[in-house]
Structures are given as structure tokens and as C-alpha cells.
Amino acid sequence: MSDQKPILEFRDINTHYGAVHILKEVNLAIYPGEMVCLLGGNASGKSTTLKTLLGMVTPTSGEVVLDGEVVNDKPTSYRVERGITMVPENRRLFKRLSVLENLQLGAYLRTDKDGVERDLERIYSMFPRVKERLSQKAGTLSGGEQQMVAMGRALMADPRVLLMDEPSMGLAPSLVRTNFELIQQIHEEGIAIFMVEQNANMALSLADRGWVLQTGRVVLDDTADALLANPELRKSYLGEA
Amino acid sequence: MTTTAELVTKGAFDLDWRKVARLGGLTALGLVFIALAGMPVGLDSRILIEKYLSLGYVSLLWLSLIMGWLMGKETLLEGMTATRKSSRDAVGGACVGALGGLGLAILGLLINTFDLRDPLVNWSPQTLDILTFGGGVGVVVVWIPICAALGAVGGALHLAPPKVAKATIAAILTVLMTAIFATFIVDVVSPLDFLYSKNRELKLGWALVLAAVAVGFVFSGGGQQLARVKADYHNTTGPAKTRQTAALIVVSAAVLIIIPQVAGKITQELMANIGIFLLLALGLNIVVGMAGILDLGYVAFFAVGGYTTAVLTSPNRGEDWPGWFPTLPWWGALMVTVVVASLVGLFIGAPVIRMRGDYLAIVTLGFGEIIRILFLSDWLNGYFNGAQGITNVPPADFGVFEVKGTDPRSVFYLVLVFAALSIYVSWRLEHSRLGRAWMAVREDESVAEAMGINTVNVKLAAFVVGAILASFSGAIFAAKVGSIFPTSFLILVSIIILVIVIVGGMGSILGVIAGSVVLVGILGGPKQPGLLQEFSQYKLLIYGALLVWMMLQRPEGLVPNVRRTRELHQDEFLQDAWLKGQVDTGEEEPAVEGGEVR
């Protein structure tokens with residue numbers, strides 16, 4: 001992978017909320033088609049990292065680089081148009097809108113109608129249950145179905161990188177597994193995945209590489225296997241004494 | 001709701017006494033409130049049925065009937081057995097009514113004994129007079145049997161075969177409506193004059209005839225036929241439905257064009273007022289209903305529309321305008337008005353739009369007042385004449401015909417054109433990309449942003465579209481009234497428009513139309529009289545009561561947007577669907593909701 005250029009990169013990123021220093025000198029790189037994960041406890045800056053990647057938070061210093069271009073002052077729409085999409089924490093569907101409307105909103109910025117149609121079909125074949133419920137309001141779906149719609153909505157943007165905010169958050173254990181299978185399935189279509197997770201075991205068993213964030217600083221940066229084997233990580237995240 | 005074959009039989013006096021106490025207490029409180037709000041006295045001069053019934057008494061009678069009916073109404077939950085309908089329902093209703101009557105009787109005695117006129121204006125001999133039918137204080141006790149009888153009738157409606165119950169209700173409503181809307185009915189169809197005496201009091205003989213007609217209609221199955229036609233329309237799909245809808249629109253348009261031709265001034269004026277408020281409500285519906293921005297200062301744009309048009313057309317526009325400033329014909333001024341309104345929309349919107357929820361509501365409330373106070377201020381007195389306002393706004397001249405206040409028909413036609421345009425625009429927007437973006441922002445702003453929607457621009461667009469629709473309304477208002485004062489743009493206008501949108505059904509165009517007709521048409525606008533002119537004193541009271549009742553019983557509005565109904569009644573919905581065995585519960589647990597992205 002290292003012979004390719006990264007799609008998305010953080011170079012010495014610092015962010016502040018008011019006077020509070022959130023991210024401290026963070027460096028990240030996401031390459032095409034890989035699966036990476038960012039681990040960290042509560043308030044370690046995981047969500048801020050995602051928001052900064054997507055342009056909903058502007059860094060105070062450092063560079064966010066998209067395809068070699070510094071995009072610090074570019075709006076979210078600019079990045080979404082260039083293939084960065086997020087599946088928000090807890091799915092956050094537009095509950096009162098129909099499933100179809102949710103999917104269409106995912107493709108809000110796209111102007112290629114044929115491509116949108118094609119992607120809709122692709123999502124129906126990936127998630128047949130979604131197709132059955134197109135006219136239903138998203139809020140009335142079961143948790144698992146909502147997860148599918150959330151993924152479908154993100155895929156409708158035709159992304160190259162999918163940012164996933166805590167995909168296992170608030171899901172029953174059986175659903176967590178299905179959910180990671182979905183992520184795997186999407187990854188196999190060649191879409192790079194950047195996953196922010198607390199469920200370190202599950203995330204690392206799928207990912208190629210990972211970072212560990214602690215109070216806004218990257219403390220570990222290694223391959224997934226090495227991280228899984230790292231004794232300190234095992235102690236703090238995998239619940240071993 | 002399920003109906004089981006088995007029914008529990010209970011004795012006539014085996015009542016749910018707590019419910020009796022609760023409903024009876026409510027009835028008593030309601031009656032005392034109505035009496036002390038002055039309705040019986042204020043409305044007594046309005047005679048509905050010659051020599052027999054005044055509106056004042058109706059205001060005291062209706063409540064017992066409804067409460068008596070409610071007493072017998074059962075909400076069946078899963079696993080409960082229904083009670084056999086029996087004389088028990090009538091007894092229950094009678095008890096509730098009697099308690100209500102007792103309340104009035106006690107009020108009468110209290111009025112006779114103590115003097116509380118200082119805080120309560122209607123604690124007066126006149127009220128007592130009404131309560132005693134002009135007799136001695138002791139007569140007040142007859143309210144107990146009167147209300148009990150009404151309550152019993154209400155309760156007995158459950159016993160009667162459905163057709164009889166329906167016929168009774170139809171008869172009562174037909175007679176009451178014909179009597180209450182006398183002025184309007186004669187105004188629209190003047191030959192119907194014969195129904196009424198000189199003072200628009202319904203003649204007793206004709207009242208009985210009308211009741212008989214209503215009963216006959218129900219028994220001949222007229223109601224069912226109407227329901228069938230409606231169901232047919234709902235079940236049609238595809239091109240047939242499009243054809244039917246188109247036909248429906250053409251017919252309603254034709255009716256709307258013909259009515260003002262045959263009807264008198266009162267109706268024309270009423271329709272013009274409804275139209276002006278409909279335009280405002282359509283605009284606010286886009287802002288609040290579609291984009292979810294709670295704008296409490298919407299009147300600002302109405303004011304800007306009115307003042308801009310007035311300044312550009314009137315010779316009396318204030319002395320400080322420079323000499324080169326043009327005086328335009330109405331339609332020319334309209335163009336400028338639209339531009340000015342959009343700019344003001346942007347100007348107010350830009351700072352406001354970055355706020356969310358409660359803060360946004362409060363700030364818009366402030367801006368609504370600021371605009372009015374600016375027009376009123378000494379500082380701009382040279383431009384807007386302060387409290388004197390701008391007078392002599394000329395009629396809108398279209399060559400072929402003039403639109404002016406003394407000819408409400410012309411105003412109505414002008415309003416109709418703009419309303420049709422606005423309805424079309426609203427409808428197209430609802431199904432457009434922008435409309436979808438509005439709804440996304442309304443549902444979840446952060447996620448909408450993550451989808452790449454520029455939320456600031458999208459919300460500004462809603463503000464501007466809303467401002468333009470309101471400025472249309474303001475421009476027509478200026479031409480209609482012929483003079484513009486700051487007092488025409490009180491905060492009350494904002495509130496009433498918002499109530500129209502909420503009562504009609506947020507986000508539903510048909511709902512907004514229904515809301516305007518019901519509220520402005522029947523009750524009246526902030527200053528404009530409605531059909532129930534007698535009630536104009538109690539207009540705000542009724543608006544408030546209606547709003548509370550709607551929020552409790554029908555939060556989706558009169559003609560709901562399908563989407564909102566589902567959401568607000570989701571529990572019932574799921575339960576019903578579950579009973580029908582249609583919900584696929586699957587093996588999954590419901591997911592945990594909530595949680596904010598940090």
C-alpha cells in the first residue's frame with residue numbers, strides 16, 4: 001500500500017474547542033482501499049478527528065490533505081464531493097423521512113443521475129431488506145435495518161473513504177457482529193474504511209492498521225496485528241489484567 | 001382496537017365513580033369558566049332560534065352533552081373486555097351533567113351572596129339573570145336537571161343504533177350551523193332569506209324542517225355514499241388518480257371563481273382575508289413546517305412588504321424621501337418589494353440562522369418587534385410617518401380592473417392568483433432537491449451537514465422564500481387597506497399565523513389551507529372579523545383552547561402531513577400493526593437511541 005499516495009492525511013493537526021486543546025500534533029494517513037481504525041477511550045478526541053477530517057471542525061494549526069491538496073478551509077460539501085463520507089454514530093437516520101428519501105439524501109451532491117440509479121440498485125442487491133421497506137419511515141425500522149440504511153445512505157455518495165463513527169455503539173451483541181460483516185463487505189468493494197471504535201478487539205481483527213489516541217495525542221501507531229499483541233494495549237483496552 | 005364477542009354486563013348504577021367525578025368536575029369548571037368569561041351575557045343578544053334559543057345559552061349547553069357522551073366512551077386496551085352498552089351509559093352521562101349543573105347553581109348562589117365584581121367583571125347581576133332565566137335566585141337550581149338531561153342524551157348516544165346517533169348529531173349540527181352562520185348563508189345565497197326573521201333569527205318551523213332533512217339524509221344513506229366516494233378517490237392510483245386530482249382542482253378553482261360573483265360583500269371580504277393569511281401561512285409553512293426553523297417574528301416580512309409597497313405607491317409617504325424617489329404603480333412596486341423582502345430576509349436570516357432551537361425562536365421574536373418599532377420610531381418618522389402611518393395607498397391598477405379595499409371581490413381575485421402561485425411553488429419545492437435538504441436539516445442538522453448539504457445556505461433559502469411569500473401578502477394588504485400603520489403588524493399576527501400552521505398541520509399544504517379557512521374564516525384574523533363575529537371578543541380564548549386541544553388530541557393538525565402522523569402516533573400505530581400481525585419484530589432488540597457526536 002505504501003507505494004500509493006494517501007487519499008486523506010493529517011499533518012500535525014491541532015484543534016481547539018474554545019481554549020481547550022483537543023487534538024495535539026496528530027498525524028494520520030488513509031490509503032486507497034485499506035481498512036484502518038482509530039482506538040481511544042472517552043474524550044480522547046476520536047469524534048473530533050472525524051469532524052476535522054470531514055471539515056465540520058477547522059484545525060487551529062496543521063494541514064488536512066485530500067488527494068495532495070490542503071483542504072483546511074474547504075467546506076464539508078467539497079470533501080463529500082471528492083469521496084469522503086461518514087456513517088454517524090448511532091446511525092442518526094432522518095427518522096421522519098422514508099428509507100428512499102434517506103438514500104437519496106446520501107447522494108445529495110451527485111449530479112450523475114444514471115450513477116445514482118445504479119448505486120441504488122447496488123444497495124438493493126446488497127441489502128434486500130432495505131428494498132422491501134423503501135416507502136417506510138426510517139424511524140420505524142428495527143435497529144439492524146436502520147444500520148443497513150445508514151450504510152446505504154453513506155454508500156450513495158459513492159465514497160472512496162468511509163468514515164465510521166463507533167459502528168458498534170448502542171447495538172445488541174448479535175447485531176455488532178452482523179454490522180462488522182457489513183463493513184467487511186463494503187471494504188471488499190474497494191472502499192477504504194476509517195473506523196473509530198471502542199470495541200478494540202473486533203476492530204483490530206478486521207483492520208490493516210490502527211492508531212491509539214489518548215487525550216488527543218497518538219500514542220501508538222502500528223499494524224493491527226502488532227497492536228493486538230501489544231501488552232499495554234491489551235491491558236488498557238482488551239480487558240486483560 | 002379489538003372488539004371481543006363477550007361483553008361484561010353491568011348494572012345501571014355500577015359506574016366508574018372516579019370518572020364521573022373527574023368529568024363532572026371538568027364540566028362544572030368549564031361551565032363556571034364560560035359564565036365568568038362573560039359568554040352567556042355577551043352572546044345572549046344573538047338569538048339563534050326565534051324566541052327560543054340564544055347563542056348565550058348555547059355556550060352553556062353544549063358542554064354537558066359532550067361530557068355525557070365522553071362518560072360512556074370506553075378506551076379498550078389489549079386484554080380488557082368491553083362493557084355492554086346499557087342504560088348505565090345514560091345514567092353516567094346524567095351524573096356528569098348533574099355535577100356540571102351543580103357547578104352553575106353554586107355559582108349563581110355565590111353571585112347572589114358575595115360581590116366579586118372587582119376582579120371578575122362578569123360576576124354581575126346580568127350573569128345571574130341569565131342563569132335564573134330572569135326569575136328568582138332559587139331558579140338557578142334548574143341547571144342541575146337541564147345539564148343532567150343533556151348529559152343523559154349524550155350518554156344515550158352510545159345506546160342508540162349508530163344511525164340514530166348519527167342522525168341526532170347531524171340534526172343538532174345542521175340547525176346550529178344554519179342559525180349561527182345566518183349572515184354568511186344569506187350573503188352567499190340570498191334567496192335563503194326566508195329561513196330567517198328580520199334579525200337573522202332562524203324561524204322555529206324551519207329549524208324543525210332542517211332537522212328533519214338532516215335526519216332524512218342520514219337515513220337515506222347519504223353519508224355512506226359520500227364516504228364511499230372519498231374512499232374510492234383514496235384507493236385510486238396511477239393516471240386515473242392524476243385525472244381525478246386534476247378534475248378536483250379545476251372544480252375547486254371554478255367554485256372559488258364563481259362564489260364571489262354570486263355572494264355579497266361579507267363573503268368577498270372574508271375570502272380576501274382568508275387569502276391574505278393563507279399566503280402568510282404558506283410562507284411560514286416553508287420556514288417552520290419544511291425547514292424546521294421556528295420563526296416567531298414572521299410578521300416582520302409582512303410589514304416590510306406592506307411598507308415597501310406603501311412607500312413606493314403612496315403620495316403620503318413621509319417628507320424625507322429624496323425628490324428622485326419614484327412613485328410606481330402597484331405591480332412595479334411589487335417587483336421592488338420582492339427584492340427588498342429577500343434582502344431583509346437575508347439580513348435577518350444571516351445572524352439568526354446560526355442559532356438552533358430555542359435561541360433561534362427568541363431572536364426571531366426580537367427581530368419581529370424591532371422591525372415594527374423601527375417603522376414606529378421618531379428616527380425614521382420622516383420616512384414612515386411613525387404612528388400616523390402611510391395613508392392614501394392607491395388601488396392596484398391593472399388597466400382592465402382595479403384592486404381596492406372597497407371592492408373586496410377584486411382583492412380576492414388578486415389574492416387567489418398569488419395563493420395559487422404560492423401553493424404551486426410550495427408543492428414543487430416539497431418534492432425538490434431543496435425540499436429534501438430542508439427536511440434533512442429539520443430532522444438532524446449535523447447529519448445533513450455531513451451529507452454535504454450546506455445547511456446555512458439551505459436555511460437562508462427557506463428564510464428568503466418565506467419572506468417573499470409574506471411580502472406578496474403585505475403588498476396586497478397595502479393595496480386593500482389603503483393605509484399602513486405599525487399597529488397592523490403586532491406580534492399577535494406572527495402568533496396567529498403560527499397557530500394556523502400548527503392547527504392545520506405542519507408541513508402539509510392542504511392543512512395550511514384548512515387552517516386558514518377555519519381560523520381566519522370562522523374565527524377571524526387579528527383584526528379582521530370572521531364568520532363568528534359574535535365571538536370576536538373571545539377569539540384569542542378560542543384560539544388558545546383550540547391550540548391546547550389540538551396539541552393534546554391531534555398534534556398532527558387538521559389535515560396532517562402523513563409523515564408526521566406516523567411519528568406522533570407511532571405507539572398506537574405499532575400496536576395496531578402488531579395486533580394485525582404485520583410487524584416483523586425479528587430477533588433484534590431495539591437499538592439504543594440518542595447520543596450526540598462530540
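At what angle do the axes of helix α13 and helix α14 of chain B cross? They cross at roughly 145° and come within 9 Å. The model is predicted: local features need pLDDT of at least 70, side-chain atom pairs count only at pLDDT 80 or more, and totals for chains, interfaces and linings use all residues. Residues are numbered from 1 along each chain as its sequence is written, while chains are lettered from A and ligands numbered from 1 in the order in which they are written. The predictor gives the complex an ipTM of 0.88 and a pTM of 0.84.

**Terms**

- Helices (H or I, at least four residues) and strands (E, at least two) are DSSP runs, numbered from the N terminus.
- Two strands pair if DSSP finds at least two bridges between them.
- Axes are lines fitted to C-alpha atoms, for helices over the stretch in contact; angles run from 0 to 180 degrees between N-to-C directions.
- Two residues are in contact if their C-beta atoms, placed from the backbone, lie within 7 Å.

**Chain B: overall**

- Chain B holds 25 helices and 4 strands.
- Its radius of gyration (taken over C-alpha atoms) is 27 Å, close to the 25 Å that the globule rule gives for 598 residues, so chain B is as compact as a globular protein of that length. That rule is 2.2 Å times the number of residues to the power 0.38.
- The C-alpha trace of chain B spans about 85 × 70 × 50 Å along its principal axes.
- Of the 598 residues in chain B, 42% are buried (20 or more other C-beta atoms within 10 Å of the residue's own, with C-beta atoms placed from the backbone).
- Among contacts in chain B with a separation of 6 or more, 77% join residues 24 or more positions apart.
- The mean pLDDT (the predictor's confidence in each residue, from 0 to 100) of chain B is 85, and 92% of the residues score at least 70.
- Over residues 581-598 of chain B, pLDDT stays under 50. The model has 30 contacts beyond four places in sequence for this stretch.

**Chain B: the helix pair**

- Helix α13 covers residues 299-313 and helix α14 covers residues 330-352 of chain B.
- On the α13(B) side, the contact includes B:F301, B:V304 and B:L312. On the α14(B) side, it includes B:W330, B:V340 and B:I348.

**Chain A: six-stranded sheet**

- This open sheet runs β6-β7-β8-β3-β9-β10 in chain A, with mixed pairing.
- β6 (84-87) and β10 (217-223) of chain A each have a single partner strand, so one side of each lacks a neighbour in the sheet.
- Neighbouring strands are turned by 20° against each other on average, direction ignored.
- β3 (residues 35-40) and β8 (residues 192-197) of chain A pair in the parallel sense over 5 bridges. A:L38 stands opposite A:V196 in β8(A).
- Helix α1 (residues 46-54) of chain A packs on this sheet, and its direction makes about 150° with that of β7(A).
- Helix α6 (residues 143-155) of chain A lies across β6 and β7, at about 170° to β6(A).

**Chain A: four-stranded sheet**

- An antiparallel open sheet has the order β2-β1-β4-β5 in chain A. Its edge strands are β2 and β5 (69-70).
- β1 (residues 8-17) and β2 (residues 20-30) of chain A run antiparallel, joined by 7 bridges. A:Y17 has A:V20 as its bridge partner.
- The β1(A)-β2(A) hairpin has 2 residues between its strands, and A:G18 in the turn has a positive phi of about 60°.

Key:
A residue is buried if 20 or more other C-beta atoms lie within 10 Å of its own, exposed if 12 or fewer, and partly exposed in between; C-beta atoms are placed from the backbone.
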